[in-house]
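Welcome, and take a moment to look over the sequence and the fold before reading on. The paragraphs below will walk you through them step by step.

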Amino acid sequence: GLRCAPRFATLTLLASLAACEAQTNGAVVSPELLEMGADQVVFGMSSFMTSSGIREGRVEADTAYMYADSAKAKLRQMRIIFYDENGAARATVTGTAGEWDRNTDRMRALGDVLLIVHADGRRIESAEIVYDPQRAEIWSDSATVQTLANGRVTRGSSFRSDMEFRNVQIQNIRGAVGR
């Protein structure tokens, strides 16, 4: 009776310690994350884009995968906010995924991408939108739907715009609906 209880308690304690040790030796991330092969994973990432000390934008992502041998980061649930010269939000791009070149600030948003131009309430939707800071342009080579604040909808095969959104060009317009 009495001699068995201490041995059982000792074995239980040793088994518990072994289980704890086994848990800490294993991976603490999902297998999907390990397959990404990223050297660094950042959750809740937020980073500013600057040019000559002036803040031009902010890149946000639920998750960012960064690689030591590349300046490119892969982003999940991304958002880019572009600022004007006075620091006010000019436009916002959201997508389910994307890529960001941290050296050049060139970005590509993918998956249900939405561009909102804050000055006029314009919405541009596409499967993919690219931002090129060297050319100061934003565009898509994918089917595009533009909805103006007054409800007018324009569909086309692609679009291209300057970053002030004064010259938004939709190619191969397939019709406009609304006012």
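Which residue stands opposite Phe82 of strand 3? Gly57 does. Before following that up, a word on what you are looking at. This is a predicted model, in which local features need pLDDT of at least 70 and side-chain atom pairs count only at pLDDT 80 or more, while totals for chains, interfaces and linings use all residues. Residues are numbered from 1 along each chain as its sequence is written, and side-chain values use heavy atoms, leaving out hydrogens and water.

Let us begin with the whole chain. It holds two helices and 12 strands; these are DSSP runs numbered from the N terminus, with helices being H or I of at least four residues and strands being E of at least two. Starting from the N terminus, the order is α-α-β-β-β-β-β-β-β-β-β-β-β-β. The protein chain has 179 residues, and 35% of them count as buried (under 20% relative accessible area, with exposed meaning over 50% and partly exposed in between, using a 1.4 Å probe and protein chains only). Its accessible surface comes to about 10800 Å², and carbon and sulfur atoms hold 51% of that (areas come from the Shrake-Rupley method with a 1.4 Å probe; for residues, only the protein chains shown count as cover).

Strand 2 and strand 3 run antiparallel, joined by nine bridges (two strands pair if DSSP finds at least two bridges between them). They form a hairpin, with five residues between them. Strand 3 also runs antiparallel to strand 4, and here 11 bridges join the two. Along this pairing, Lys72 stands opposite Asp101 in strand 4. The hairpin of strand 3 and strand 4 has five residues between the strands, and Gly87 takes a positive phi near 90° there.

Next, peek inside. The largest nonpolar core has 27 residues, and Phe82 is among those with the most contacts inside it, along with Met45, Leu75, Val93, Leu115 and Ile138. Such a core is a set of buried Ala, Val, Leu, Ile, Met, Phe, Trp, Tyr and Cys residues joined through side-chain atoms within 4.5 Å. The elements giving two or more residues to this core are strand 1 (40-51), strand 2 (54-66), strand 3 (72-83), strand 4 (89-101), strand 5 (107-117) and strand 6 (123-132). Beyond residues up to four places away in sequence, Phe82 touches Gly57, Val93, Ile138 and Met163, among others (contact means heavy atoms within 4.5 Å).

Strand 2 also contains Thr63. Is Thr63 buried or exposed? Thr63 counts as buried because its relative accessibility is 11%. Its contacts, leaving aside neighbours within four places in sequence, include Phe43 and Leu75.

Finally, turn to strand 7 (residues 137-140). Glu137 and Trp139 point one way from this strand, Ile138 and Ser140 point the other way, and all are buried. Strand 7 pairs with strand 6 in the antiparallel sense over three bridges, and Trp139 is the bridge partner of Val130. Strand 7 also runs antiparallel to strand 10 (residues 158-162), with four bridges joining them; there, Ile138 stands opposite Ser161.
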